[in-house]
Amino acid sequence: MSRSYLPHWMHRLGSPPTFYRFAGALRPWLMAAALITAAIGLYGGLVLAPPDYQQGDAYRIIFIHVPSAWMSLFIYACMAVAGLVALVWRVKLAEVIAMECAPIGAAFTLITLVTGSLWGKPMWGTWWTWDARLTSELVLFFLYLGVIGLYHAIDDRRRGARAASLLALVGIVNLPIVHYSVVWWNTLHQGSTVNLFGKSSIAPSMLWPLLVMALATHLYFFASILGRTRTALLSVESGKQWVRGIVDRQPLPRQGAPT
Amino acid sequence: MITVAQPFADSSPAIMTARPGAWRACLALLRRDFLLAWRRRGELFLPLLYAVIVAALFPFALGPEPQLLARIAGGVLLVIVVLAMLPALESMFRTDLEDGTLEQWLLAPQPLALLALTRVAAHWITTVLPLIVVMPLLGALLNLPWDVLPVLIVALLLATPLLALLGAVLSALTAGARRSGILLALMLLPLAVPVVIFAAGAIAAAQAGLPYLAPLSWLAAALVLAVVLAPLACAAALRIAVEA
């Protein structure tokens, strides 16, 4: 008998019905925590933090822009890890999670691009410039769109999910290459002001709302992925007994045919 | 046991001994692909025609001043080649998936990655090499400086196999998809960005009289890496495409 390196509860969690119940129980708490932290972070960022000595109040878009940019990369990493698990161990749940990561990540990438564009107009005098970071973020957006497009272009959902997972893995090899090639090519974007391991060059009064906002976006992502995965599981597993059980317990809509 | 994997092995031991090695299988595949390409040789001219048409449109759109054309010619020709490669990429594995050849590839004792690499080589020789051969003509149309032409051709000789290898992975991924034309372009764009940057960097440096070997070396390094890794990814993608 082969020994497993994962604890027993983790195996249980990999089964769709267990995950469905677990996600349903956890999701409201995560969403509430996300809303509360977002409110605190936005109040700290938009009201308490002082204006910037150079950029005035215009810099305050950073509290949306930077957490979204972090999320766009973090979600891609999540998608790639889930995709790797899906490809190597053929876990159905991992396929679903990887594919449900993609639209959320694409949304955060789009938010990053749009807020960056709004920020760039007053600061740089242009909506868009072919700067290294902007270009990398745009390429990331196209990667997300490619994953979503490939998933939906293949009729067989599991095969589509596996193909798109492989594309996500190809993309994660490609992303650093894109980043360094465009840095070599052209750079205008300001350097990072938040440094995880050294001293950040951002004032503490501006840093804490930024970190709280980052926490809020992470919580939102986890709440969102649990919700999306629940819905997708119902659809993927629609022929299974446990889904039928859930459907039978739901009150039927009035227009629905009585059974 | 090998005999289990061989469907006809039990009927005749002669087939066992006639089993081709990896090298002979690749040669046979190359011959078959060249033969198929030759039987439909009219199609080989379509990418060339496309490239000539696009190159001829630029002077109409931007004005025929020789200085302007000379400045943009290198980059424009690079983009034209990338775009001309796209339609052919889409069908790299499609017919083989439809007529069941891919399943034979999977069953074959030769490594799938090697067969995929052979297919990419055949594809590059039949569809991309003619484009590079007519580069002097296109360069003349766009008034490309003659001393930049060799750098452009070397950059293309390094960049297009790289794009063909990356495109093969994507083509294998989309082989089972319903309509893949625009999707393939969307997926290829992120992968093509570094390739285009370095190839264009070499051309721009040559045009400015600067040393251009560094970006070419990067392209060569990337090509070596892709020759090793892309067939493996391509094989994984083909396995996903076949297991329906």
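Student: Leaving aside its neighbours within four places in sequence, which residues is Leu89(B) in contact with?

Tutor: Two residues are in contact if their C-beta atoms, placed from the backbone, lie within 7 Å, and by that rule Leu89(B) touches Gly167(B), Ser171(B) and Leu184(B) once its neighbours within four places in sequence are set aside. This is a predicted model, in which local features need pLDDT of at least 70 and side-chain atom pairs count only at pLDDT 80 or more, while totals for chains, interfaces and linings use all residues. Residues are numbered from 1 along each chain as its sequence is written, and chains are lettered from A, and ligands numbered from 1, in the order in which they are written.

Student: In which helix does Leu89(B) lie, and why does Leu89(B) count as buried?

Tutor: Helices are DSSP runs (H or I, at least four residues), numbered from the N terminus, and Leu89(B) lies in helix 5 (residues 66-90) of chain B. A residue is buried if 20 or more other C-beta atoms lie within 10 Å of its own, exposed if 12 or fewer, and partly exposed in between; Leu89(B) counts as buried because it has 24 C-beta neighbours inside 10 Å. The C-alpha atoms of Leu89(B) and Ala164(B) are separated by 7.5 Å, although these residues are 75 apart along the chain.

Student: How many residues of chain B are in contact with chain A?

Tutor: On the side of chain B there are 22 such residues, and they touch 24 residues of chain A. Helix 10 (149-173), helix 11 (181-207) and helix 12 (213-242) of chain B each give two or more residues to this side, with the largest share, 10 residues, coming from helix 11 of chain B.

Student: Which residues touch the most other members of the largest nonpolar core?

Tutor: A nonpolar core is a set of buried Ala, Val, Leu, Ile, Met, Phe, Trp, Tyr and Cys residues joined through C-beta atoms within 7 Å. In the largest one, which has 145 residues, those residues are Leu150(A), Ala155(B), Val169(B), Ala237(B) and Leu238(B). Helix 10 of chain B gives the most to this core, with 17 residues.

Student: Where in chain B is confidence lowest, and where is it highest?

Tutor: The predictor's confidence in each residue is pLDDT, from 0 to 100. Within chain B, the mean is lowest in helix 1 (residues 2-5), at 45, and highest in helix 10, at 95. Where pLDDT is low, the predicted coordinates should not be read in detail. Chain B as a whole averages a pLDDT of 88, and 92% of the residues score at least 70.
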